[in-house]
Amino acid sequence: MTDKGNPMTTIQIDSRQRVELLDITDQVRQAIRAGGIRDGLAVVYTPHTTAAITINENADPDVARDLVTALNKLVPFDDHYRHSEGNSAAHVKSTLVGASETLIVQDGTPVLGTWQGIYFCEFDGPRRRQVHLRVIGA
Ligand code: ZN
């Protein structure tokens, strides 16, 4: 994943649904550990215009499902959009949720609340996606 001289790690993700939240907490934890920086900040970033990164509860999987339901209700798939590609709903969701999260890294692990997990948000799947991670020591 990380090679010397390139402090950015890339996580590959294969989404399976049109819209879904995928828990990537373990992959992010592993990548931070492998990077070797014990204390600092980690940026988790996805370079796609129809996807996002968020942090929310991962204890009850129904929370992620409810987020998908609510976002689909908030941003209908068809709503007289102008964008000819036909995936404007996915672009809107991507901007609402955001392309990145910043994590505090302490003792080589991200500081998360007991119920928090890191999610990759797919809004125009299924497809192969990437999440970039970079840790800055402080
Ligand atoms: Zn588009």
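Val 92 has a relative accessible area of 34% and is therefore partly exposed. The structure shown is a predicted model. Val 92 belongs to helix H3, which covers residues 88-97, and takes part in a nonpolar patch on the surface. The points below begin with that patch and helix, and then turn to salt bridges and backbone geometry.

- The surface patch is formed by Leu 74, Tyr 81, Val 92 and Leu 96, which together have about 370 Å² of accessible area.
- The side chain of Ser 94 comes to 3.3 Å from the backbone oxygen of Thr 49.

**Aromatic rings**

- Lys 93 places its charged end over the ring of Phe 77, at 4.4 Å from the ring centre.
- The number of aromatic pairs in the structure is 0.

**Salt bridges**

- The structure contains 5 salt bridges, and the pairs described here are among them.
- Asp 26 and Arg 29 form a salt bridge in which the closest N and O atoms are 3.7 Å apart.
- Both Asp 26 and Arg 29 lie in helix H1 (residues 25-35), where a spacing of 3 residues corresponds to about one turn of the helix.
- Arg 29 is partly exposed, with 27% relative accessible area.
- Glu 122 and Arg 129 are joined through their side chains by a salt bridge of 2.7 Å, N to O.
- Glu 122 counts as buried at 0% relative accessibility, and Arg 129 is buried as well, with a relative accessible area of 2%.
- A salt bridge also links Asp 124 with Arg 127, with 2.7 Å between the closest N and O atoms.
- Asp 124 is buried, with a relative accessible area of 17%, whereas Arg 127, with 36%, is partly exposed.
- The two residues of this last pair fall into separate classes because burial requires a value under 20%.

**Backbone geometry**

- Most residues other than glycine have a negative phi, and most peptide bonds are trans.
- The peptide bond from Gly 125 to Pro 126 is cis, and its omega is near -5 degrees.
- Pro 126 is placed in the loop that runs between strand S7 (116-122) and strand S8 (128-137).
- His 80 has a positive phi, near 55 degrees, although the residue is not a glycine.
- The loop between helix H2 (61-74) and H3 holds His 80, and this residue counts as exposed because its relative accessibility is 79%, over the 50% limit.
- Asp 107, likewise a residue other than glycine, has a positive phi near 55 degrees.
- Asp 107 occurs in the loop between strand S5 (100-106) and strand S6 (109-110).

Key: Residues numbered from 1 in each chain as written. Predicted model: local features only at pLDDT ≥ 70, side-chain atom pairs only at ≥ 80, totals over all residues. Heavy atoms only, no water. Patch = residues over 30% accessible without salt bridge, like charges linked within 9 Å, V, L, I, M, F, W, Y side chains within 5 Å. Areas by Shrake-Rupley, 256 points an atom, 1.4 Å probe, with all protein chains shown as cover. Salt bridge = Lys/Arg side-chain N within 4 Å of Asp/Glu carboxyl O. Helix = DSSP H or I, 4+ residues; strand = E, 2+ residues; numbered from the N terminus. Buried < 20%, exposed > 50% of the residue type's maximum accessible area, 1.4 Å probe, protein only. Phe/Tyr/Trp six-rings, centres within 6.5 Å; stacked < 30°, edge-to-face > 60°. Lys NZ or Arg CZ within 6 Å of the ring centre and 35° of its normal. Polar contact = N/O pair within 3.5 Å; in protein donor to acceptor, adjacent residues only side chain to side chain.
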